[in-house]
Amino acid sequence: MSKKYEFRSVGLDDFILEYEDKEDEIPKVKSIPFRRSIETAKALQSINAEARAKMYAFLTSIGKTRSDFIIKTVKSDGTIGYDETNYIELESSYTKEASIIAVNNIVLRTLKMPLDKLLKELDMEDPKEAEIFAKKFFTILKNSGEKDDSFPRGASLEPISTSSSEES
Amino acid sequence: MNRYQQVLARSHKTIFCFAYPEDLTHAYAFYCARYENIKWEDFLNLGFTEFKKKLGSIPKDEPLYEIIKSRTINVAKIKDKEEKKYWKEMKKINEIPQIFIASNELDKKLKEAVINGKGFN
């Protein structure tokens with residue numbers, strides 16, 4: 001059974017991870033402060049980029065392009081479709097690998113402790129419990145608490161207008 | 001959310017990326033010019049939400065504003081030839097490299113390229 005832990009918000013971007021530490025038989029609460037910083041956002045948004053860079057290097061090495069992984073299909077009624085399953089599978093395998101590396105790095109940078117050491121301190125042996133912990137932690141890092149959380153994809157910018165043009 | 005922001009949110013278009021070094025450098029320059037001159041390390045340690053709020057109200061005279069504008073503007077709707085040419089070039093110059101854009105956006109581009117019979121590296 002893992003130790004009880006809690007993520008507490010102490011500011012707009014500042015949080016504390018608290019858990020019971022029972023060293024020397026005297027229970028005490030251990031606190032690790034962390035920040036949802038620009039650096040964390042950069043690291044999170046870099047996952048896809050790093051995965052793709054590796055994937056492109058691989059594709060180049062075998063003389064293929066991404067469109068080679070898309071299959072053109074003609075249905076019985078004559079309509080043309082495109083099956084992207086192979087490409088999506090290929091990209092997701094690279095993204096998974098990059099995510100594992102990024103998770104370790106982000107935990108080390110923000111909580112100042114390697115992931116395996118942290119899980120040990122929390123007595124977290126069950127992978128499901130570790131997954132729930134990671135989910136909660138990364139939700140905090142990703143969620144900026146604003147309505148428009150798709151930033152930078154759907155940025156909350158002021159309207160940009162020009163005399164003879166319109167937004168796309 | 002105003003109509004412009006709604007359009008942007010629906011389009012899921014990447015208009016700024018913290019992972020793209022060029023964008024991050026421009027954001028740093030914007031912060032130093034507008035708020036306080038801080039070290040790069042201190043900038044990276046700024047609260048993300050706090051910075052997003054500042055970026056959300058970026059003044060029109062900031063170079064970063066022009067960059068983002070060039071990524072969102074619909075060139076096809078510009079009537080003036082010279083202006084059209086200018087924004088077309090700006091769009092190309094300021095384009096975010098493919099590796100930094102969201103998967104669903106990239107998938108859409110890829111699908112379009114395949115349908116149009118163009119290669120997509």
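In the predicted model, A:Glu121 has a relative accessibility of 15% and counts as buried. A:Lys30, at 27% relative accessibility, counts as partly exposed. These two residues form a salt bridge in which the closest N and O atoms are 3.2 Å apart. A:Glu121 belongs to helix α3 (residues 115–121) of chain A and A:Lys30 to strand β3 (residues 28–35) of chain A, so the pair ties together parts that are 91 residues apart in sequence.

The count of salt bridges over all chains comes to nine. Another of them joins the side chains of A:Glu18 and A:Arg8, with an N to O distance of 2.9 Å. This pair links distant parts of the chain, with A:Glu18 in strand β2 (residues 14–21) of chain A and A:Arg8 in strand β1 (residues 5–9) of chain A, 10 residues apart. A:Glu18 is buried, its relative accessible area being 17%, whereas A:Arg8 counts as partly exposed at 32% relative accessibility. In chain B, a salt bridge is formed by B:Arg71 and B:Asp23, whose closest N and O atoms are 2.8 Å apart. B:Arg71 is in helix α5 of chain B and B:Asp23 in helix α2 of chain B, so parts that are 48 residues apart in sequence are tied together by the pair. Both B:Arg71 and B:Asp23 are buried. Side chains of opposite charge can pair when their charged atoms come close.

In soluble globular proteins, nonpolar side chains tend to be buried together. The largest nonpolar core of the model has 34 residues, and those with the most contacts inside it are A:Leu17, A:Phe34, A:Leu111, A:Leu118, A:Phe133 and A:Phe137. At least two residues of this core are supplied by each of β2, β3, α1, α2 (85–111), α3 and α4 (127–142) of chain A. The most is given by α2(A), with eight residues. Apart from neighbours within four places in sequence, A:Leu118 is in contact with A:Leu17, A:Ile32, A:Val107, A:Leu111, A:Met113 and A:Phe133. A second, separate core has 22 residues, including B:Ile15, B:Phe30, B:Tyr31 and B:Phe48.

A:Phe15 and A:Phe34 form a stacked pair, at 5.6 Å centre to centre and with 25° between the planes. A:Phe15 lies in strand β2 of chain A and A:Phe34 in strand β3 of chain A, so the pair ties together parts that are 19 residues apart in sequence. A:Phe15 is buried, with a relative accessible area of 9%, and A:Phe34 is buried, with a relative accessible area of 3%. In chain B, the rings of B:Tyr31 and B:Phe51 have centres 6.1 Å apart and planes at 50°, so this pair is tilted. Helix α2 of chain B holds B:Tyr31 and helix α4 of chain B holds B:Phe51, so the pair ties together parts that are 20 residues apart in sequence. B:Tyr31 is buried at a relative accessible area of 4%, and B:Phe51 is buried at 1%. Ring pairs also link B:Tyr31 and B:Phe51 into a cluster with B:Phe16, B:Phe18, B:Tyr28, B:Phe30, B:Tyr35, B:Trp40, B:Phe43 and B:Phe48.

Helix α4 (residues 48–56) of chain B has seven of its nine residues buried, so it is largely enclosed by the rest of the structure. The buried residues of α4(B) are B:Phe48, B:Thr49, B:Phe51, B:Lys52, B:Lys54, B:Leu55 and B:Gly56. They pack against α1 (38–61) of chain A, and also against α2 (21–34), α3 (40–44) and α5 (63–72) of chain B.

Helix α6 (residues 81–93) of chain B consists of 13 residues and reaches 18 Å from its first C-alpha to its last, close to the 18 Å expected at 1.5 Å a residue. The N-terminal end of α6(B) is capped by B:Asp80, a side-chain oxygen lying 3.3 Å from the backbone nitrogen of B:Glu82.

In chain A, A:Ser67 is placed in the loop between α1 and β4 (71–74). A:Ser67 is buried, with a relative accessible area of 16%. The side chain of A:Ser67 makes a polar contact of 3.1 Å with the side chain of A:Thr65.

Technical notes:
Residues numbered from 1 in each chain as written. Chains lettered and ligands numbered in written order. Predicted model: local features only at pLDDT ≥ 70, side-chain atom pairs only at ≥ 80, totals over all residues. Heavy atoms only, no water. Buried < 20%, exposed > 50% of the residue type's maximum accessible area, 1.4 Å probe, protein only. Helix = DSSP H or I, 4+ residues; strand = E, 2+ residues; numbered from the N terminus. Contact = heavy atoms within 4.5 Å. Expected span 1.5 Å × (residues − 1). Polar contact = N/O pair within 3.5 Å; in protein donor to acceptor, adjacent residues only side chain to side chain. Salt bridge = Lys/Arg side-chain N within 4 Å of Asp/Glu carboxyl O. Core = buried A, V, L, I, M, F, W, Y, C linked by side-chain atoms within 4.5 Å. Phe/Tyr/Trp six-rings, centres within 6.5 Å; stacked < 30°, edge-to-face > 60°.
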